[in-house]
Amino acid sequence: MKNLDSKSHVRGESVYLDDIPVVEGTLYACVFDSPVAHGKLRSVNTDEAASAPGVVRVITANDLIGENQIGGILPDEPLLANGEVHFCGMPIAVVLAESDEQARAAASLVKAEIEPLEAIVDAREAFAKGSLIAAPKRFKLGDTEKAFESCAHVFEGKTRSGGQEHLYIETQGAYTLPSETGGLRVFSSTQGPTAVQKAVASVTGIPMNLIEVDVTRLGGGFGGKEDQANAWAAICAVSTQLTKRPVKYSLHRMEDMRMTGKRHPYSSDYRIGLDADLRIVAYDVVFYQNAGASCDLSLPVLERTLFHCTNSYFIPNVSAVAYSCKTNLPPNTAFRGFGGPQGMFVIESAIAHAADALGVDRDEIQRRNLLSSGDELPYGQIVESEAREAWSQADSVYDFATLKKEADEFNKTGGHLKKGVAMMPICFGISFTKTPMNQARSLVHVYTDGSVAVSTGAVEMGQGVNTKIAQVAASVFGISIEKVKVHTTNTLRIANTSPTAASAAADLNGKATQIACEKILERLNEVAAELELESWPPVGTGSGGDRQIGPPEGETPNWVELVNEAHLRRVNLSEHAHYATPGVGFDWSVAKGHPFAYHVFGTAIVGATVDCLRGTYEFDYVKCCHDFGQSMNSAVDRGQIEGGIVQGIGWMTIEEVVYDSEGRLRSNALSTYKIPDVYSVPDEIAIEALETTRPNLAVFNSKAVGEPPLMYGIGAYFAIREAVKAFDKENLPAFDAPFTAEKVLMNLHRS
Ligand code: MTE
Ligand code: LUZ
Ligand code: MOS
């Protein structure tokens with residue numbers, strides 16, 4: 001079962017925002033953004049820009065009819081700067097012109113008089129100055145103070161992990177058209193059509209029922225379009241409202257890199273206590289998150305850092321505090337893993353620290369502390385764990401001891417190449433941690449020719465969710481997948497959607513689709529019974545997974561005949577169904593609850609070779625045993641795992657977001673920001689399925705797969721570190737990611 005989009009992708013026929021045919025009269029927008037990270041905006045002079053060739057209008061904050069506010073969680077984010085600028089790249093004015101080139105040329109003619117104020121770019125500095133987005137969040141399990149007293153070994157230290165540019169292939173953008181009665185049609189490259197609808201309603205003052213947001217697919221989102229697609233849609237919407245003309249804005253790569261937020265950098269303090277048997281007894285951790293200039297999704301990201309601060313380990317005494325620090329960087333945002341990876345990097349570092357100090361292998365400590373079913377997580381949920389199963393299956397398939405021995409043997413032969421091997425277990429909670437977001441709807445129509453149209457709240461962004469949803473419909477109806485079309489995500493067909501995020505889109509929207517199809521099927525079977533036909537679907541069809549679905553050709557009763565009989569009998573062939581994940585909830589007043597429907601587990605082993613003359617490295621392999629549940633589509637899921645691993649390795653190794661002390665992005669293009677390419681991906685990625693049969697609340701007993709594999713990439717950091725230690729065992733690099741070749745080189749030859 002292939003990804004249904006693969007054919008049109010390969011032929012170049014898939015439609016993205018910039019492929020939508022433009023309507024006559026369309027204007028092109030371009031933003032003039034702040035060149036200063038923090039300052040008083042004394043004046044904006046748009047005269048020269050307004051009289052440039054092709055320019056129709058220039059818009060500033062004063063022109064907005066609705067509110068100058070797009071903050072989704074806290075109302076702290078103006079659409080256009082007014083009185084103050086908070087980060088380099090903050091939109092100040094919007095130039096509208098007859099062509100894209102004219103708009104860009106004119107935007108550079110806008111003049112702003114800005115009186116610079118002190119810029120904060122570092123999270124700890126913001127913390128020291130009391131610059132916080134909100135009050136800190138805390139998790140507490142057991143009693144760390146008492147527990148540390150009884151520990152045989154206690155270690156403490158600091159870690160840092162860097163930002164990450166989403167680098168979706170399709171940049172941010174929107175296209176808005178006026179519709180009658182003062183409404184708007186909005187095409188947006190967004191993971192959250194409803195979030196766009198709300199932002200547009202806020203800045204235009206137009207009610208949500210007059211705003212239609214439509215999304216065909218994205219050329220990648222990775223979290224970067226969960227919230228941050230809103231600004232561009234809002235800018236186009238305001239422009240359409242003021243000019244009564246269609247307006248399009250498709251950002252250039254460097255505009256996108258400069259103006260949008262990224263993964264949150266973190267700086268953290270840890271203290272870890274172990275007993276004589278290497279059991280982790282106590283863990284104390286403080287996280288400083290660099291939120292950027294406004295909240296965006298920083299608070300739920302911060303919360304997920306806490307949720308994953310003990311990764312896949314059971315620790316009976318935990319105290320975790322997290323600060324969201326307000327700085328003068330573009331607001332940082334969701335990125336695959338949503339704060340989880342940042343939390344996991346710290347506990348993995350603490351374990352590495354303990355292993356170094358005690359002279360034991362890191363994996364010895366990891367293995368002894370893996371979660372078991374029935375263990376309590378720091379937030380009160382009792383875990384149903386597959387951590388130990390995943391670890392032992394990975395060990396038995398890949399043989400950790402032999403892989404480590406091979407590296408040791410290699411390292412003994414001397415030379416400037418050294419190999420390092422690292423284990424990386426993962427545990428990732430599935431569900432939005434904000435419980436009300438765990439709901440979805442699906443609209444299913446069966447037409448009289450037997451074809452089926454499905455609409456849901458899920459957005460296709462390359463992760464294959466439309467394929468999985470089509471599989472659900474084909475499977476319940478027992479018809480071939482060619483008869484099913486999953487249509488665009490549209491706020492008039494499906495309302496009040498949660499963003500496609502938290503890896504839960506297929507779970508939530510797939511379940512809603514399953515319910516809708518089952519209801520229609522029930523009515524069809526009443527008709528079949530009246531006709532004294534066997535019930536539909538015929539035996540042998542209608543299963544999920546990779547199996548070919550669809551009844552044998554020419555079989556009676558025939559699907560089309562049954563559908564037509566139903567229609568003649570005036571039976572409803574459409575259904576709009578709702579699904580809400582049962583059993584989830586969280587109470588922040590005590591910071592305890594059962595936020596996740598289930599967890600995804602897995603273990604990877606990562607092998608690296610470091611060139612100790614140059615500091616460069618290659619990854620020999622990533623071999624993992626991953627918990628798929630029962631995969632609905634193994635091609636799609638394997639693609640997600642490979643992509644996640646490579647993206648995680650990029651974050652930990654070569655991707656380095658650099659802002660200077662004035663808050664200007666230095667890594668502002670693909671020449672200065674490197675992501676893994678075909679030469680730098682691991683030579684081998686091996687994926688073994690840990691097929692669990694435990695019922696898990698996901699669709700057809702599959703498990704969510706989108707984000708968890710990214711965290712295998714953390715193993716890459718520690719594999720490099722092992723190789724550096726093999727070169728010079730006195731040399732213990734600081735826990736400071738990404739481990740770029742420059743940093744490796746400096747570490748190798750420090751002494
Ligand atoms: N895969 C591709 N190809 N492109 C993407 O943008 N986003 C990731 C993941 N995999 C992404 C992707 C992120 S951040 C999430 S939350 C999930 O897909 C969302 O989709 P799902 O809920 O259907 O898994
Ligand atoms: N988005 C969100 C997410 O709003 N809440 C979440 O819990 C979450 N988790 C992962 C990714 N995106
Ligand atoms: Mo993914 S970070 O939940 O969009």
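Modeller: The account below begins with the cavity and then turns to the domains, the sheets and the backbone.

This is a predicted model, in which local features need pLDDT of at least 70 and side-chain atom pairs count only at pLDDT 80 or more, while totals for chains, interfaces and linings use all residues. Residues are numbered from 1 along each chain as its sequence is written, chains are lettered from A and ligands numbered from 1 in the order in which they are written, and side-chain values use heavy atoms, with hydrogens and water left out.

Five cavities of 30 Å³ or more are present in the structure (a cavity is a set of points, on a 1 Å grid over the protein atoms alone, where a 1.4 Å probe fits but cannot get out).

Because domain 1 (6-117 + 166-259) and domain 2 (266-433 + 589-748) both give residues to the lining, the largest cavity lies between them. The chain also has domain 3 (439-580); domain bounds come from an automatic or database domain assignment. The C-alpha centres of domain 1 and domain 3 are 36 Å apart, and 19 residues of domain 1 are in contact with 15 residues of domain 3 (heavy atoms within 4.5 Å).

As for the sheets, an open one of three strands has the order β4-β2-β6, with antiparallel pairing (strands pair if DSSP finds at least two bridges between them). In this sheet β4 (84-85) and β6 (111-116) stand at the edges with a single partner strand each, so one side of each has no neighbour in the sheet. Strand β2, residues 39-45, pairs with β6 over six bridges, and G39 has P116 in β6 as its bridge partner.

An open sheet of eight strands runs β3-β5-β1-β12-β9-β10-β11-β20, with mixed pairing. Its edge strands, β3 (55-59) and β20 (489-490), each pair on one side only. Within it, β1 (27-33) and β12 (247-250) run parallel and are joined by two bridges; Y28 stands opposite K248 in β12.

In the backbone, T181 has a positive phi of about 60° although it is not a glycine, and it sits in the loop between β9 (173-179) and β10 (183-188). The peptide bond joining W536 and P537 is cis, with omega about 0°. P537 belongs to the loop between α15 (505-530) and α16 (559-568). A cis bond also leads from A737 to P738, with omega near 5°.

Average pLDDT for the chain is 96, and 97% of the residues score at least 70 (pLDDT is the predictor's confidence in each residue, from 0 to 100). Over residues 543-552 the pLDDT is below 50, and this stretch has 27 contacts in the model beyond near neighbours in sequence.

Terms used: Helices (H or I, at least four residues) and strands (E, at least two) are DSSP runs, numbered from the N terminus. On a 1 Å grid over the protein atoms alone, a cavity is a set of points where a 1.4 Å probe fits but cannot get out, and a pocket is an open set with protein on both sides within 12 Å along at least five of seven lines; lining residues have an atom within 4 Å of a point. Grid points are joined across faces, edges and corners, and a volume is the space filled by probe spheres set on the points.
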